[in-house]
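Open the model in your viewer and keep the selection panel at hand. The tour goes stop by stop.

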Protein chains: 2
Amino acid sequence: MQTTEIYEPVVEQLARVEERLKSLVRVKFPLLSELLGHVYESSGKRVRPAITLLASNFHPHDSTKVEIMASAVELLHVATLIHDDTVDDSDFRRGKATISNLWGRNIAVLVGDYIFASSATFVCDTEHIGVIKRFSETIMELSSGELRELADSFNPNQTMESYYQRIYDKTASLFTTAGETGAILSGAPVDQSDALKEYSRELGMAFQIVDDILDFEGTPEEVGKPIGSDLAHGILTLPALIAMQMYPNDNPIPKFFVDRDDRDMLSTAVDMVQQPVVIDAAFAVAEERCSVSREALLSLPRNPSRDSLEELLNYVITRRN
Amino acid sequence: MQTTEIYEPVVEQLARVEERLKSLVRVKFPLLSELLGHVYESSGKRVRPAITLLASNFHPHDSTKVEIMASAVELLHVATLIHDDTVDDSDFRRGKATISNLWGRNIAVLVGDYIFASSATFVCDTEHIGVIKRFSETIMELSSGELRELADSFNPNQTMESYYQRIYDKTASLFTTAGETGAILSGAPVDQSDALKEYSRELGMAFQIVDDILDFEGTPEEVGKPIGSDLAHGILTLPALIAMQMYPNDNPIPKFFVDRDDRDMLSTAVDMVQQPVVIDAAFAVAEERCSVSREALLSLPRNPSRDSLEELLNYVITRRN
């Protein structure tokens with residue numbers, strides 16, 4: 001199932017979210033309008049705002065505040081992408097040139113700041129202190145996740161726990177906030193918002209694990225970046241950690257981390273991680289996260305939005321990019 | 001008068017603000033603790049939080065929320081300094097190595113993001129939606145001010161109006177928020193918070209104009225950076241704009257902007273701006289801003305905090321760094 005089908009129950013709200021995002025482009029300052037226009041052109045599948053909107057559909061409510069929240073969630077995601085591309089020095093994302101590639105890293109830092117601040121300003125319009133606070137904490141988690149990743153790069157002594165903490169911070173935190181705040185702003189009772197929080201957190205963990213697996217799959221043309229680019233940047237993800245556990249002796253990954261110019265060693269390491277036995281083990285972990293997520297979801301009353309959230313789990317685990 | 005004397009009426013609150021800032025250093029994540037510790041060591045005079053605290057003293061109130069606000073204001077200032085130093089590629093600030101110099105630009109971008117988010121999280125604890133919203137708008141103004149500065153660099157066709165808009169965004173906006181929110185959180189009536197807002201905005205404008213003048217004064221040892229560094233980076237500030245108005249023909253500034261490698265032309269331009277007739281004219285503008293600020297202040301009842309805010313105006317205009 002494609003995301004367009006999954007988003008069916010919230011298609012009108014999602015269109016209004018899109019409008020809200022575009023309204024930000026209409027600023028007086030020409031360079032900023034141009035930059036923001038470019039950002040939206042190369043933007044993604046709107047998974048996070050869709051979660052907020054779907055999570056709000058278990059309780060009758062006025063949709064406006066939830067739509068504001070969904071817009072803020074997507075803006076925050078866009079801001080982190082801009083800073084991540086700057087920090088990683090990435091030239092392309094989804095086949096489009098990044099802001100740092102086109103306008104330079106300095107502009108990218110500042111336009112990222114502007115979009116961070118815009119997302120926080122949007123959230124204020126929900127007028128819900130708890131939600132606003134949760135949102136700022138999420139920005140702290142996102143940046144500490146990225147900091148951890150950078151601080152731990154080329155460090156071969158990492159635990160699975162530190163990997164899970166890192167992907168919670170850099171990815172699952174915003175998924176969690178997306179789902180939980182949708183529920184809270186719809187006025188859902190605590191047991192429902194807790195269930196949607198758990199659903200979204202586990203979905204976010206699975207999403208990042210699959211992302212980390214996809215980094216080792218396909219061809220550079222399919223995924224829009226080189227195969228094994230995480231490893232090449234010294235970032236240990238789940239498939240690499242599993243391969244290190246499976247082959248504790250004479251493993252090429254720590255060797256490559258010592259001599260980063262040894263491209264043959266990198267290639268040997270990537271080949272090792274790409275083995276079906278490693279990839280399947282990583283997928284099993286993602287599937288386990290999806291099971292926990294699905295279980296949380298099934299405690300909610302069945303309706304078209306719940307069906308969509310369930311389909312989203314299937315989409316996340318089977319997606320190819 | 002030194003700032004320590006000026007801060008007399010709020011010395012205890014300021015100490016608690018300092019404690020709050022330091023509490024942020026006690027995070028679980030070692031690299032982040034180290035980075036934050038470094039940031040505070042090289043931090044400045046706490047002018048902005050002092051304004052928040054002094055502005056709250058015209059109405060009896062519980063000091064906690066005002067202290068939280070003052071901490072948030074200072075944190076936001078620190079975050080902008082980190083990103084500015086990264087964008088400007090500055091190696092030193094106040095004689096201390098910058099984060100981007102010691103740990104690299106990537107770490108600096110992410111630790112700046114973390115501190116931005118921490119400041120927003122602090123503000124949430126004021127539980128005042130209007131104040132929280134004003135604060136996020138301030139972050140938008142700060143980043144758009146920096147973006148304008150970068151976008152307009154080496155552009156000789158700038159108006160005084162665009163200069164004032166830019167320094168409002170990058171500096172006076174946060175001063176305004178510092179003063180206005182101190183008043184609002186103390187429960188001051190609207191006429192008083194409006195007066196303190198005007199006081200702080202005009203003080204902030206004067207502060208930045210004096211900063212821009214100081215860039216052309218003293219020796220590199222005194223100011224900790226080369227003389228005329230703004231102009232060398234293609235940034236037109238008030239003294240340069242005045243010099244361009246005074247000498248419309250054959251002016252070295254536009255010539256240097258065309259050929260940025262011509263260090264002799266830069267030196268001629270700096271000499272032109274350093275003339276007393278130019279510097280005095282720029283000071284007169286700063287003094288005019290201080291007069292407007294003082295007038296707003298004098299509509300408030302006299303007390304030790306009002307005297308301090310008045311002294312702060314004298315300090316801003318006579319400071320040498």
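The bend at a residue is the angle between two axes, one fitted to the seven residues ending there and the other to the seven starting there. Helices are DSSP runs of H or I, at least four residues long, numbered from the N terminus.

Before selecting, note that this is a predicted model, where local features need pLDDT of at least 70, side-chain atom pairs count only at pLDDT 80 or more, and totals for chains, interfaces and linings use all residues. Residues are numbered from 1 along each chain as its sequence is written, while chains are lettered from A and ligands numbered from 1 in written order.

**Stop 1: the kinked helix.** Select residues 160–185 of chain B, helix H9. Centre on Ala172(B): H9(B) kinks there by about 50°. Of the 26 residues in H9(B), 20 are buried (20 or more other C-beta atoms, placed from the backbone, within 10 Å of their own). Step on to Gly187(B), which follows H9(B) and has a positive phi, near 80°.

**Stop 2: a helix pair.** Select H16(B), residues 276–297, and H17(B), residues 304–318. Their axes (lines fitted to C-alpha atoms over the stretch in contact) come within 10 Å and cross at roughly 180°. H16(B) is therefore roughly antiparallel to H17(B) (an angle over 145 degrees). Residues in contact have C-beta atoms, placed from the backbone, within 7 Å. Among those making this contact are Cys290(B) of H16(B) and Leu313(B) of H17(B).

**Stop 3: the interface.** Show both chains. Here 34 residues of chain A are in contact with 34 residues of chain B. On the chain A side, H8(A) gives the most, with 14 residues.

Conventions: Contact = placed C-beta atoms within 7 Å. Helix = DSSP H or I, 4+ residues; strand = E, 2+ residues; numbered from the N terminus. Axes fitted to C-alpha atoms, helices over the stretch in contact; angles between N-to-C directions. Parallel < 35°, antiparallel > 145°, perpendicular 65-115°, else oblique. Buried ≥ 20, exposed ≤ 12 C-beta atoms within 10 Å, placed from the backbone.
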